[in-house]
Amino acid sequence: MNATNWKLAGLALLLLGTATWTTAAGGDDEGARYTFRRAPVNSMGVRGMAELRGKPVLIDFWGTR
Amino acid sequence: MPASIKLQQQYGDALQVLFVESQGADADKFEAFAWRQKWMGTQAMWTDERPLEISGSGLPAFALLDIEGKILLQGNPLEQKKKIEEAIAEQVKKASSAPAGTPAVLAKSWARFTKGDVAAALAECDKLGTDVILAEPAKALRAEMVARTEAKITRGQWLIESGYAAEASTLFASLAKSVAGTPELEGKVGRELARLKAPDKALAAQAEASKALASLQQKMVKDKPFDDGNVKALLKLAEKHAGTKAGERAARLAKLAKLEP
């Protein structure tokens with residue numbers, strides 16, 4: 001295998017890894033496992049989604065523009 | 001957006017709405033924006049971190065998680081308004097039901113628990129747990145009740161330490177009624193109430209500032225949040241209560257008011 005082929009093989013592995021990670025992160029209870037890097041505004045001490053288990057959570061994706 | 005806020009108002013603590021800013025605005029900018037729109041003042045939380053990815057693209061978008069944290073619905077909220085409302089109502093009802101597999105006779109204890117009568121619910125579990133057949137499920141249910149109540153106590157302690165004395169007082173006053181007669185929980189709640197009622201000098205200063213800011217914020221959400229009068233009041237509060245966490249929050253809000261809309 002020449003240098004170009006090795007690079008292509010490496011790129012393919014990298015892409016495969018990314019795809020696998022995306023699938024894992026898109027699992028059913030992904031939202032329940034997330035820990036915030038910075039506490040949300042008005043979180044009153046909630047640092048992770050796991051703390052919200054036991055009640056439904058409506059996530060509203062919005063924009064300021 | 002207002003639809004989610006209305007749902008948060010409607011369900012209170014039984015639902016958590018999480019707004020995720022998805023167009024790159026930083027925390028200061030999106031919080032200022034939300035204040036100007038009069039969207040603050042509920043239990044809704046605000047972040048720019050996406051806790052999960054959903055299929056599709058574009059805004060508005062939503063994901064509804066069930067009580068176990070699994071995605072129930074997702075997509076454009078404008079196309080699924082009715083479905084969202086029905087699913088939330090169903091989940092809220094489910095949340096008040098006893099955990100799966102709980103015998104019917106113990107489910108009544110759970111119903112008491114969810115209504116806030118923790119002491120009576122625990123006493124029932126203890127009584128029913130003397131039955132050999134019910135011993136294990138009663139023990140498990142009791143443990144779940146205690147864990148959930150202790151989580152509330154921990155949340156209350158965070159509120160005290162973080163300068164939210166007004167909110168902590170409300171929470172512990174409610175908990176005190178719920179756990180009265182249950183030594184293992186009554187003591188813990190009592191200690192926090194005592195801290196709030198006879199606080200040391202530093203905590204008293206935090207509590208006073210917290211009450212002043214809570215009162216001002218209630219006024220802010222009712223009229224023009226960032227008008228001159230409110231900004232002056234925020235600055236005055238920040239100066240008067242300098243060194244407290246509520247004072248810091250007031251200064252930050254005054255700073256947000258000055259950001260370009």
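How many helices and strands does chain A have? Chain A has two helices and one strand, with helices (H or I, at least four residues) and strands (E, at least two) taken as DSSP runs and numbered from the N terminus. Along the sequence, these elements of chain A follow the pattern α-α-β. Of the 65 residues in chain A, 37% are buried, where buried means under 20% relative accessible area, exposed over 50%, and partly exposed in between (1.4 Å probe, protein chains only).

The model is a predicted one, in which local features need pLDDT of at least 70 and side-chain atom pairs count only at pLDDT 80 or more, while totals for chains, interfaces and linings use all residues. Residues are numbered from 1 along each chain as its sequence is written, chains are lettered from A and ligands numbered from 1 in the order in which they are written, and side-chain values use heavy atoms, with hydrogens and water left out.

The meeting of the two chains comes next. In all, 57 residues of chain B are in contact (heavy atoms within 4.5 Å) with 33 residues of chain A. The size of an interface is often given as the accessible area lost when the parts come together. For chain B and chain A, the buried area is about 4200 Å², and carbon and sulfur atoms give 60% of it; buried area is the accessible area (1.4 Å probe) that two parts lose on being put together, summed over both.

Between chain B and chain A, 23 residue pairs (both at pLDDT 80 or more) are in polar contact. Such a contact is a pair of N or O atoms within 3.5 Å; within protein, one must be able to donate a hydrogen and the other to accept it, and residues adjacent in sequence count only if both atoms are side-chain atoms. Several elements of chain B each supply at least two residues of the side that touches chain A, among them α1 (2-11), β1 (16-21) and α6 (135-161). The largest share, six residues, comes from β1(B). The residues on this side of chain B divide into 36 nonpolar, nine polar and 12 charged, where Ala, Val, Leu, Ile, Met, Phe, Trp, Tyr, Cys and Pro count as nonpolar, Asp, Glu, Lys and Arg as charged, and the others, Gly among them, as polar.

The chains also share strand pairing (at least two bridges found by DSSP between two strands). Strand β1 (residues 57-62) of chain A pairs with β3(B) in the antiparallel sense over five bridges. Within this pairing, Ile59(A) has Ala63(B) as its bridge partner.

Two salt bridges are counted between chain B and chain A, each being a side-chain nitrogen of Lys or Arg within 4 Å of a carboxyl oxygen of Asp or Glu. Asp48(B) and Arg38(A) form a salt bridge (3.7 Å, N to O). Lys55(A) and Asp13(B) form a salt bridge too (3.1 Å, N to O). Lys55(A) lies in the loop between α2 (30-33) and β1 of chain A and Asp13(B) in the loop between α1 and β1 of chain B, so this pair joins two chains. Lys55(A) is buried, at 16% relative accessibility.

Over all chains, the whole structure holds 16 salt bridges. In chain B, Arg195(B) and Glu192(B) meet in one (2.7 Å, N to O). These residues are three apart in helix α8 (residues 183-197) of chain B, so about one helical turn separates them. Arg195(B) is partly exposed at 28%, whereas Glu192(B) is buried at 7% relative accessibility.
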